[in-house]
Amino acid sequence: MAMTDEQKQSLKNIPKRVCHICKSKRFYTNPMERCFECEKSFCFDHINAGMMKKGMSENERVRDICDECVSKFGYKSI
């Protein structure tokens with residue numbers, strides 16, 4: 001079953017994620033991740049992965065945090 005032109009156009013109108021710092025677009029060679037605190041999108045060059053802060057339980061997942069939120073909320077690398 002082929003897609004209609006309306007369906008193709010509606011898929012083209014979906015905005016692509018863009019890195020908040022370098023403005024690069026999400027692509028299969030450039031994945032994006034959202035900051036846990038501010039929920040802005042960042043490419044993997046501009047986000048800190050595997051961060052924890054005081055008060056998190058031992059079984060809680062590590063978080064991806066941007067540089068601004070690391071200092072703002074007191075995150076530390078594990």
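Which residues are linked in a network of salt bridges? They are Glu-37, Lys-53, Glu-60 and Arg-63. Before following them, note that this is a predicted model, in which local features need pLDDT of at least 70 and side-chain atom pairs count only at pLDDT 80 or more, while totals for chains, interfaces and linings use all residues. Residues are numbered from 1 along each chain as its sequence is written, and side-chain values use heavy atoms, with hydrogens and water left out.

Side chains of opposite charge can pair when their charged atoms come close. A salt bridge is taken here as a side-chain nitrogen of Lys or Arg within 4 Å of a carboxyl oxygen of Asp or Glu. Searching the whole structure gives three salt bridges. One of them joins the side chains of Glu-37 and Lys-53, at 3.7 Å from N to O. This pair links distant parts of the chain, since Glu-37 sits in the loop between E1 and E2 and Lys-53 in strand E3, 16 residues apart. The names of such elements follow DSSP runs, numbered from the N terminus: helices (H or I) have at least four residues and strands (E) at least two.

Glu-37 also meets Arg-63 in a salt bridge, at 3.9 Å from N to O. Arg-63 belongs to strand E4 and Glu-37 to the loop between E1 and E2, so this pair ties together parts that are 26 residues apart in sequence. Arg-63 has another partner, Glu-60, and there the closest N and O atoms are 2.5 Å apart.

Glu-37, at 25%, is partly exposed. Lys-53 is partly exposed at 27%, and Glu-60 is partly exposed at 31%.

Val-62 lies in the loop between strand E3 (48-53) and strand E4 (63-65). With a relative accessibility of 40%, Val-62 counts as partly exposed. Contact means heavy atoms within 4.5 Å. Not counting residues up to four places away in sequence, Val-62 touches Gly-50, Met-51, Met-52 and Ile-78. Ile-78 is 16 residues from Val-62 along the chain, and their C-alpha atoms are separated by 8.6 Å.

Ser-41 is placed in strand E2. This residue is buried because its relative accessibility is 10%. Leaving out residues up to four places away in sequence, Ser-41 touches Arg-17, Val-18, Cys-19, His-20, Glu-33 and Arg-34. His-46 lies in the loop between E2 and E3 and is partly exposed, with a relative accessible area of 23%. Apart from neighbours within four places in sequence, His-46 is in contact with Cys-19, Ile-21 and Cys-22. The C-alpha atoms of His-46 and Cys-22 are separated by 8.4 Å, although these residues are 24 apart along the chain.

Now turn to the surface. Lys-16, Arg-17, Lys-25, Arg-26 and Arg-34 gather there in a patch of positive charge. Patches are made of residues with over 30% relative accessible area and no salt bridge; like charges are joined within 9 Å, and nonpolar side chains (Val, Leu, Ile, Met, Phe, Trp, Tyr) within 5 Å. Lys and Arg count as positive and Asp and Glu as negative, while His and the chain ends are not counted. A charge is placed at NZ of Lys, CZ of Arg, CG of Asp or CD of Glu.

A nonpolar surface patch of about 290 Å² is made by Met-3, Leu-11 and Ile-14. Accessible areas come from the Shrake-Rupley method with a 1.4 Å probe; for residues, only the protein chains shown count as cover. Leu-11 is in helix H1 (residues 5-12).

Two loop residues remain, and they concern the backbone. Most residues other than glycine have a negative phi. Lys-23, which is not a glycine, has a positive phi near 60 degrees. Lys-23 lies in the loop between H1 and strand E1 (32-34) and counts as exposed at 55% relative accessibility. Glu-39 is not a glycine either, and its phi is positive at about 60 degrees. Glu-39 is in the loop between E1 and strand E2 (41-43) and is exposed, with a relative accessible area of 53%.

Conventions
Buried < 20%, exposed > 50% of the residue type's maximum accessible area, 1.4 Å probe, protein only.
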